[in-house]
Amino acid sequence: MPIGRASVRPASKSKAESVKPATSTTAYAATSVHATTFAVLFAISFCHLLNDMMQSLLSAIYPQLKESLELNFAQVGIISATYQLTASLLQPLVGLYSDKRPLPFSLPTAMVFTLVGLLVLSISHTYGLLIFAAAMVGFGSAIFHPESARVARMASGGRHGLAQSLFQVGGNFGQALGPLMAAAIVVNFGQASIAWFALMALLAIIILYNVGVWYKTHGLERIRASAKLHPAPELSRAGVAGAIAVLMMLIFSKQIYFASIGNYYTFYLIEHFQVSLRTAQLFLFMFLAPVAVGTIAGGLVGDRIGRKYVIWFSVLGALPFTLALPFVNLFWTGVLSIFIGLTLSSSFPAIVVYAQELMPQKVGTISGLFFGFAFGLSGLGAAALGWLADRTSIEFVYLICSVLPALGLLAALLPDLGGSRRFETIPAAAIEE
């Protein structure tokens, strides 16, 4: 009988007697692998908030750095590229290594890189130091994201979508808080005040050290048990590769559209409707606020009905709203932006968990690949859309981007993995077998 059933067929006496007594670790796995450890999930989510808030400080102070160090736009672009390429390209490599050799204390190590980057950034009065600081912050991101996604899966107890959503929503809030903190503190007190944010990195190091202790004592056993309880689907290598390629295309459509909103939505509103900057920022908030709700909803619903259906709804379901956006008045632009943020944001946790279920032995590699790909696309997409807007118009950019969710049709090519694929309780003896 396949492992993962709710019960085991009664065995004959001789067979039952032949089953070895479960060890303490095996018994632990049997009784707790299906229990969601919310303390760990909330710790990871909070540290994700701190991590992304500290990292978003870098881009938030670009104008100040440009003025104080008399940089040109090309030099600012190199700083951004250093951070983004370091963070995005190294993530799959970190995940690949940790899949072979688990690193329970890599998370506090990641925050040490971020702490060093912030301290150097606070005293950077030369261009070389800025590049070094950006690289340190990028290293921290490259280590943090794949490993924290692995810990979220360890603590999920089978509720993989919920765990991934809670982890990601922390990052969403952190990205939103970064510019606010920069405006409130760095703009008023200068570049040196960035050093105060190192205290947040220190707090995250303390929290993540304790997460690392849990990772070493309980998480590793959970991940071994999950490999038995949650085997890879019966697909060929070509089938798995094809499904991964489809998921990457869906990430492409989502991230490029999000890049258009995050970087140019205020410009579009000001130019197209002649509104004030304050009004444009309010409309941007109306888009960003539902993103947190959609992220949580996508994980919860995916656990209930299956990831594929959430992916279908999320990416393709946003298409009517994105197609209508360039042609409606200001009021309906605000309404449509709410629905776009809500639907599109629900796809990412479902996509990441679906990919993890395709390759459950490569959780770190998959997490690093998708987070790194999404991160890199955001930077490259923003640059490409800016280039297109300079040569056409911001209205044309939104007209082109409006068709991107049509790539959601590719979800029809994804294999059905059989519902939510949640863990079920089984006897310890069955795990040991």
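Reader: What should I know before we start?

Author: It's a predicted model, where local features need pLDDT of at least 70 and side-chain atom pairs count only at pLDDT 80 or more, while totals for chains, interfaces and linings use all residues. Residues are numbered from 1 along each chain as its sequence is written, and side-chain values use heavy atoms, with hydrogens and water left out.

Reader: Why does L199 count as exposed?

Author: Exposed means over 50% relative accessible area, buried under 20%, and partly exposed in between (1.4 Å probe, protein chains only). L199 has 51% relative accessibility, so it counts as exposed. You'll find L199 in helix α9 (residues 198-229); helices are DSSP runs of H or I with at least four residues.

Reader: What makes α15 mostly covered?

Author: Well, 12 of its 12 residues are buried. Among them are F348, Y354 and E357.

Reader: How do you know that the length of helix α15 agrees with what it should span?

Author: The expected span is 1.5 Å times one less than the number of residues. Helix α15 (residues 347-358) has 12 residues and should span 16 Å; its end C-alpha atoms are 16 Å apart, so that agrees.

Reader: How many helices and strands are there in the protein chain?

Author: The protein chain has 18 helices and zero strands, where a strand would be a DSSP run of E with at least two residues.

Reader: And how much of the protein chain is buried?

Author: Buried residues make up 53% of its 433 residues.
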